[in-house]
Amino acid sequence: QVQLVESGGGLVQAGGSLRLSCAASGSALSYFGLGWFRQAPGKEREFVAALSSSGSSTWYVDSVKGRFTISRGSAKNTMYLQMNSLKPEDTAVYYCGARIRPIATMTESYVYWGQGTQVTVSS
């Protein structure tokens with residue numbers, strides 16, 4: 001079992017920055033890759049960024065490349081998403097997920113989810 005808790009969301013103006021955190025706990029955590037997804041009202045949950053289980057590989061959706069950075073904290077059970085140059089279209093609930101299947105960009109690969117944190121970007 002893995003527990004995930006996100007934090008760091010909030011309201012920011014377009015062009016601003018936020019840093020999301022995900023704290024993970026539970027057994028066998030080192031076997032899970034971690035990732036960030038987001039879900040806007042009326043839309044399906046979509047992939048944002050992911051880390052390999054070792055933390056050595058990363059993946060990003062094209063719309064956030066160059067603006068968002070995913071990283072693992074010094075404590076292996078912590079993951080961050082640094083979001084810069086935020087746009088109104090980044091507004092969504094952001095979820096941290098843990099996967100046991102190899103395709104990091106697919107929602108179906110993830111079996112554990114946090115409760116989500118709201119990010120709102122005003123224009």
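Biologist: Buried means under 20% relative accessible area, exposed over 50%, and partly exposed in between (1.4 Å probe, protein chains only). On that scale, are Cys22 and Cys96 buried or exposed?

Modeller: Cys22 is buried, and Cys96 is too. Before we go on, this is a predicted model: local features need pLDDT of at least 70 and side-chain atom pairs count only at pLDDT 80 or more, while totals for chains, interfaces and linings use all residues. Residues are numbered from 1 along each chain as its sequence is written, and side-chain values use heavy atoms, with hydrogens and water left out.

Biologist: Thanks! How many disulfides does the structure hold?

Modeller: One, taking a disulfide as two cysteine sulfur atoms within 2.5 Å. Cys22 and Cys96 form it, with 2.0 Å between their sulfur atoms.

Biologist: Nice. Which strand pairs with β9 over seven bridges?

Modeller: β4 does, in the antiparallel sense. Pairing needs DSSP to find at least two bridges between the strands. Here, Leu34 stands opposite Ala98 in β9. β11 is also antiparallel to β9, with three bridges, and the bridge partner of Val93 there is Gln118.

Biologist: How many bridges join β9 to β10?

Modeller: Three, and those strands run antiparallel, with β10 covering residues 110-113. Gly97 has Trp113 in β10 as its bridge partner.

Biologist: New topic: the core. Which residues touch the most other members of the largest nonpolar core?

Modeller: Trp36, Leu81, Met83 and Tyr94, out of 27 residues. Such a core is a set of buried Ala, Val, Leu, Ile, Met, Phe, Trp, Tyr and Cys residues joined through side-chain atoms within 4.5 Å. Among the elements giving two or more residues to this core are β1 (2-7), β3 (18-26), β8 (78-83) and β9 (92-99). In soluble globular proteins, nonpolar side chains tend to be buried together.

Biologist: What does Leu81 touch?

Modeller: Leaving out residues up to four places away in sequence, its contacts (heavy atoms within 4.5 Å) include Leu18, Leu20, Trp36, Val48, Phe68, Ile70 and Tyr94. There is also a second, separate core of five residues, including Phe37, Phe47, Ala50 and Tyr110.

Biologist: Okay, rings next. How many aromatic pairs does the structure hold?

Modeller: Four. Rings of Phe, Tyr and Trp (its six-membered ring) pair if their centres lie within 6.5 Å; planes under 30 degrees apart count as stacked, over 60 as edge-to-face and the rest as tilted. Phe37 and Phe47 have ring centres 5.6 Å apart and planes at 75 degrees, so that pair is edge-to-face. Both residues are buried.

Biologist: And how do Phe37 and Tyr110 pair, stacked or edge-to-face?

Modeller: Edge-to-face, at 4.8 Å centre to centre with 75 degrees between the planes. This pair links distant parts of the chain, since Phe37 is in strand β4 and Tyr110 in strand β10, 73 residues apart. Phe37 is buried at 0% relative accessible area, and Tyr110 counts as buried at 5%. Ring pairs join Phe37, Phe47, Tyr110 and Trp113 into a cluster.

Biologist: Last one: where is Gly116 found?

Modeller: In the loop between β10 and β11. Gly116 counts as buried at 15% relative accessibility. Beyond its neighbours within four places in sequence, Gly116 is in contact with Glu6, Val93, Tyr94 and Tyr95.

Terms used
Helices (H or I, at least four residues) and strands (E, at least two) are DSSP runs, numbered from the N terminus.
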